[in-house]
Amino acid sequence: MNFVALLLTLLVGLFILLGSYIGLNYKDNKKFTDFSISIAFGVIISLILFELLPETFEVLNGEIGVVRTIFVIVILSLIGITLLKLLDLFVPHHEHEVHHKHQHSSDKCHNDHLYHIGIMSSIGVIAHNIIEGMSLYLVSSTSLISGILLCIGIGLHNIPMGLVISSTLISSNFCKNKILKISLIVSIATFIGGVLMFMIGGVNALVEGILLGLTLGMLIYISIFELLHQIYHMKNKKITIAGIVVGIVLLVISILLGHSH
């Protein structure tokens, strides 16, 4: 059963690669990039509100009580935001750092920011997927059927993550080989989580709550300070709204599948 559980954590990463492959082979890249970012925003916001926040509260509440739980979640989220902000300083080409007067400069500014979104999203998704890999391994070790359902659920909201990583990076003139390498690194994060859980045999509720809280902060940073900023400047609001709705629907379906066990 442990081998099968590890296999599922490896297979779920293929959804990231599937999303990246679609993003790399879609011709109308500008619209598709905007659509991908909108989907990712819908997925992450829904993930924060419907999954991570309630789960973090539930885990910590059982250990330290309601009042302390609220306080700890706020602190952990701020730490997660700060960690990504510090990493942000080492990722070049942030949009507000480029001053432009001509259309060429404006296009470069836009492309540089897309590059920034792709890299920061990759970092946040890696952190999130490691924890999901740990959860998937534990569930699969107990019940194979539940593990398969959870695997499908995670995979459904991994596809938009692969989409946004590849579509933003290819708009920044990244070559396909580099994009595939980055996507591959992101895709094995869930497997790494499974391997970690296999090696240590499990974590207590307090450690799990801390990890969830830090991830919550990282995803808040990505959704508010990266994706929302880009969405605000999108011209085609119909594509934007449609993408956000699709993202929310995908996440809700994945939650229903994942929790059906």
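Visitor: Which residue just after α8 takes a positive phi?

Guide: This is a predicted model, in which local features need pLDDT of at least 70, side-chain atom pairs count only at pLDDT 80 or more, and totals for chains, interfaces and linings use all residues. Residues are numbered from 1 along each chain as its sequence is written, and side-chain values use heavy atoms, with hydrogens and water left out. A positive phi of about 80 degrees occurs just after α8, and the residue that takes it is Gly201.

Visitor: How many helices and strands does the protein chain have?

Guide: Helices (H or I, at least four residues) and strands (E, at least two) are DSSP runs, numbered from the N terminus. Along the sequence the pattern reads α-α-α-α-α-α-α-α-α-α. The secondary structure therefore comes to 10 helices and 0 strands.

Visitor: What percentage of the residues of the protein chain count as buried?

Guide: Buried means under 20% relative accessible area, exposed over 50%, and partly exposed in between (1.4 Å probe, protein chains only). The protein chain has 261 residues, and the share that counts as buried is 48%.

Visitor: What distance does helix α8 reach from its first C-alpha to its last?

Guide: The expected span of a helix is 1.5 Å times one less than its number of residues. Helix α8 (residues 189–200) has 12 residues, for which 16 Å is expected. The distance it reaches is close to that, at 17 Å.

Visitor: What arc do the buried residues of α8 cover around the axis?

Guide: The buried residues in α8 are Ala189, Thr190, Gly193, Gly194 and Met197. They lie on the same side of α8, because the arc they cover around the axis is only 150 degrees. That arc is taken from the directions from the helix axis to the C-beta atoms.

Visitor: Is Thr190 buried or exposed?

Guide: Thr190 lies in helix α8. Contact means heavy atoms within 4.5 Å, and, not counting residues up to four places away in sequence, Thr190 touches Thr9, Val12, Asn129, Glu132, Gly133 and Leu136. Because its relative accessibility is 0%, Thr190 counts as buried.

Visitor: What separation is there between the C-alpha atoms of Phe32 and Gly243?

Guide: Phe32 has its place in helix α3 (residues 29–64) and is buried, with a relative accessible area of 9%. Leaving aside neighbours within four places in sequence, Phe32 is in contact with Ile22, Gly23, Tyr26, Leu163 and Ser167. Phe32 and Gly243 are 211 residues apart along the chain, and their C-alpha atoms are separated by 9.7 Å.

Visitor: Which helices each supply at least two residues of the lining of the largest cavity?

Guide: On a 1 Å grid over the protein atoms alone, a cavity is a set of points where a 1.4 Å probe fits but cannot get out, and lining residues have an atom within 4 Å of a point. About 50 Å³ of space lies in the largest cavity, a volume being the space filled by probe spheres set on the points. The lining consists of Val43, Ile44, Leu47, Val125, His128, Asn129, His157, Met161 and Leu219. The helices that each supply at least two of its residues are α3, α5 (103–142) and α6 (144–171).

Visitor: How far apart are the end C-alpha atoms of helix α4?

Guide: Among the buried residues in α4 are Thr69, Ile73, Leu76 and Ser77. Helix α4 (residues 66–88) has 23 residues, which at 1.5 Å a residue should span 33 Å. The end C-alpha atoms agree with this, being apart by 33 Å.

Key:
1 Å grid on protein atoms, 1.4 Å probe; cavity = no way out; pocket = protein on both sides within 12 Å on 5 of 7 lines; lining within 4 Å.
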